[in-house]
Amino acid sequence: MFDPRTPLPWRVLETAETLREDDYLVLANPDGVSNITLTLPRAATMRGRFIWVKNIATGAAVNAVIVNQNGSELTEGASSSISLAKSGGGARGDSAKFFSD
C-alpha cells in the first residue's frame, strides 16, 4: 500500500537526457538554452508508473521542453513528440506505449 508520507523522487534537468525508470517528477529548466529534449524510458519497464514533467522556465524567452518517445514507441497511438511551454504534463506507461495525462 502506498504511504502518502513517502517522499517521491524528483530532480531538475537543464540539458537533454533520457529519463530514468525511477523518475517521478522532472522539473525541466530550459532557461539559457533554446529547448530541452527529454526521452521517455521504454514503456515496457514503466507498466503502471507515472512520470510528471514540468517546464519551470522563468526567463522572458518561451523555451520549450520536448518529450520524445523511446525509439518507435507511441504516445496515445501517435509517434509525435509532446511539447511543454511553461506548463506540465504526465505520462504513464503500459507494456507497449505511454499515455499523456
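Which residues does Val26 touch, not counting residues up to four places away in sequence? The points below come back to this after a few remarks on the model as a whole.

1. This is a predicted model, in which local features need pLDDT of at least 70 and side-chain atom pairs count only at pLDDT 80 or more, while totals for chains, interfaces and linings use all residues. Residues are numbered from 1 along each chain as its sequence is written, and side-chain values use heavy atoms, with hydrogens and water left out.

2. The chain contains 0 helices and 10 strands, where helices (H or I, at least four residues) and strands (E, at least two) are DSSP runs numbered from the N terminus. Of the 101 residues in the chain, 34% are buried; buried means under 20% relative accessible area, exposed means over 50%, and partly exposed lies in between, with a 1.4 Å probe and protein chains only. Among the contacts with a separation of 6 or more, 56% are between residues 24 or more positions apart, a contact being heavy atoms within 4.5 Å.

3. To answer the opening question, Val26 touches Arg11, Leu13, Leu19, Leu38, Ile51, Trp52, Val53 and Lys54, once residues up to four places away in sequence are set aside. The largest nonpolar core has 13 residues, and those touching the most other members are Leu19, Val26, Leu38, Ile51, Val53, Val65 and Val67. Strand 3, strand 4, strand 5 and strand 6 each give at least two residues to this core. Here a nonpolar core is a set of buried Ala, Val, Leu, Ile, Met, Phe, Trp, Tyr and Cys residues joined through side-chain atoms within 4.5 Å.

4. Strands of a sheet pair through backbone hydrogen bonds, either parallel or antiparallel. In this model an open sheet of 4 strands has the order 2-4-6-8, with mixed pairing, and its edge strands are strand 2 (17-18) and strand 8 (82-84), each of which pairs on one side only. Two strands are said to pair if DSSP finds at least two bridges between them. Strand 2 and strand 4 run parallel and are joined by 2 bridges, with Leu38 in strand 4 as the bridge partner of Glu17.

5. Strand 1 (residues 10-13) pairs with strand 3 in the parallel sense over 4 bridges, and Leu13 has Ala28 in strand 3 as its bridge partner. In a regular strand the side chains alternate between the two faces of the sheet. For strand 1, Arg11 and Leu13 form the covered face, whereas Trp10 and Val12 form the uncovered one.

6. The whole structure holds 4 salt bridges, a salt bridge being a side-chain nitrogen of Lys or Arg within 4 Å of a carboxyl oxygen of Asp or Glu. Arg11 forms a salt bridge with Glu17, the closest N and O atoms being 2.7 Å apart; Glu17 counts as partly exposed because its relative accessibility is 28%, while Arg11 counts as buried because its value is 13%. Arg11 also meets Asp23 in a salt bridge (2.8 Å, N to O), and this pair links distant parts of the chain, with Arg11 in strand 1 and Asp23 in the loop between strand 2 and strand 3, 12 residues apart. Asp23 is buried, with a relative accessible area of 3%, and its side chain meets that of Arg20 in a salt bridge (4.0 Å, N to O). Salt bridges that share partners join Arg11, Glu17, Arg20, Asp22 and Asp23 into one network.

7. Two asparagines deserve a look. Asn29, in the loop between strand 3 (25-28) and strand 4 (35-39), counts as buried because its relative accessibility is 15%, and its side chain reaches the backbone nitrogen of Asp31 at 3.1 Å. Asn55 lies in strand 5 (residues 50-55) and is buried at 3% relative accessibility; its side chain reaches the backbone nitrogen of Ala57 at 2.9 Å and the backbone oxygen of Asn63 at 3.0 Å.

8. Gln69 has its place in the loop between strand 6 (64-68) and strand 7 (74-75), and with a relative accessible area of 9% Gln69 is buried. Apart from residues up to four places away in sequence, Gln69 touches Thr39, Leu74, Thr75, Ala78, Ser79, Ser80 and Ser81. The C-alpha atoms of Gln69 and Ile82, which are 13 residues apart along the chain, are separated by 8.8 Å.

Technical notes. A polar contact is a pair of N or O atoms within 3.5 Å; within protein, one must be able to donate a hydrogen and the other to accept it, and residues adjacent in sequence count only if both atoms are side-chain atoms.
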